[in-house]
Each structure stands twice: as structure tokens, then as C-alpha cells.
Amino acid sequence: MKPTILVADDEPSIVLSLQVLLQKAGYDVRVARNGEEAMQAVEAAAPDLILLDAMMPKRDGFDVCQSLRANPAHKDLPIIMLTAKSRDVERQKGMALGATDYITKPFSTRDLVATVRKYLGPHEPAQEQAQSHTLGAHP
């Protein structure tokens, strides 16, 4: 079974890019477009990892991270914060609230996949998926 990644970001172009990138890397991808959706998605079916944008409507990523960490069921869930803010104070805030790691936008796709693999381990796409991506088909 493929590991599942929840991408929580309100920027459609970033969501689409991450979705395609991570599916090509062999992961199932679910999407939340704001902090409330992210919380609902985790409660409905916990993913194996969350890519969590710090700045989103309804509930920001810091609040979502803190809420997830307050629930013992999610204490070991890898949470990688994504943010355009590269200031150390933002990074420290994210880590203090329980983020597992931190990636600053803009980021290299290779670095992002490497960071995901650091927490989920390498995962090779199934043969039929690799072929469909080679042909340019997207689910």
C-alpha cells in the first residue's frame, strides 16, 4: 500500500505541482485547501505525512500543527511546514509547536521529495503508475 500525503495549502498552483510531483514519486496524495479542511481530513483518515502551509485561511498551519500535536493519536505524524517566511523566528515557532521539519518557499522539488523520503522512506511507484506518468496521464 502506498503511503498517503496530505497537502494542505491554499495556493492552487502549489497544490497541483505538489500533487503531480508526489504522485510521480509513488505516493497517494490528498488535498486540503485551508486549515479547517486539513483538520477534517486528518480526523477522517490520518495520512502518513502532512505538507502543511503556514499561512492559510480559516486556521493557519501553526494552529493546525499545534492542534494535531495536542492529540496523542497524531503525536508521531510527520508534519513538514511549508512557508514563504524564511525568518528564523517563524521556523522556531513551527518547530516549537511540533513541526517535524520546515521547508521554505520557493523550494527545489528534488529537496522536497528528499525530505518526504527522509520521513516515509523510499517508495517506488507501481509499474502501471510509472507507465501512465510516462505517457503523461494524470489521475
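Mentor: Happy to. Let's begin with V7, whose bridge partner in strand 2 is V31. Keep in mind that this is a predicted model, where local features need pLDDT of at least 70 and side-chain atom pairs count only at pLDDT 80 or more, while totals for chains, interfaces and linings use all residues. Residues are numbered from 1 along each chain as its sequence is written, and side-chain values use heavy atoms, with hydrogens and water left out.

Trainee: Which residue is the bridge partner of V7 in strand 3?

Mentor: First, the words: strands (E, at least two residues) and helices (H or I, at least four) are DSSP runs numbered from the N terminus, and two strands pair if DSSP finds at least two bridges between them. Strand 1 pairs with strand 3 (residues 49-53) in the parallel sense over four bridges, and there A8 stands opposite L52. For V7, the partner in strand 3 is L51.

Trainee: How many bridges join strand 1 to strand 2?

Mentor: Strand 2 covers residues 28-32 and runs parallel to strand 1. One spot to look at is I5, which stands opposite V29. The number of bridges joining strand 1 to strand 2 is five.

Trainee: Are the faces of strand 1 covered or open?

Mentor: Buried means under 20% relative accessible area, exposed over 50%, and partly exposed in between, using a 1.4 Å probe and protein chains only. In strand 1 (residues 4-8), five of five residues are buried. T4, L6 and A8 lie on one side, I5 and V7 on the other, and with these buried, both faces are covered.

Trainee: Which strands stand at the edges of the sheet?

Mentor: Five strands form an open sheet with parallel pairing, in the order 2-1-3-4-5. Each edge strand has a single partner strand, so one side of each is left without a neighbour in the sheet; these are strand 2 and strand 5 (101-104).

Trainee: What angle does the direction of helix 1 make with that of strand 2?

Mentor: Contact means heavy atoms within 4.5 Å, and helix 1 packs on the sheet, touching strand 1, strand 2, strand 3 and strand 4 (79-83). Axes are lines fitted to C-alpha atoms, for helices over the stretch in contact, and angles run from 0 to 180 degrees between N-to-C directions. For helix 1 and strand 2, that gives about 165 degrees.

Trainee: How far apart are the C-alpha atoms of L21 and R110?

Mentor: L21 sits in helix 1. Leaving out residues up to four places away in sequence, L21 touches T109, L112 and V113. L21 and R110 are 89 residues apart along the chain, yet their C-alpha atoms are separated by 9.4 Å.

Trainee: How many helices and strands does the protein chain have?

Mentor: From the N terminus on, the elements run β-α-β-α-β-α-β-α-β-α-α. Of the 139 residues, 43% count as buried. The count of elements is six helices and five strands.
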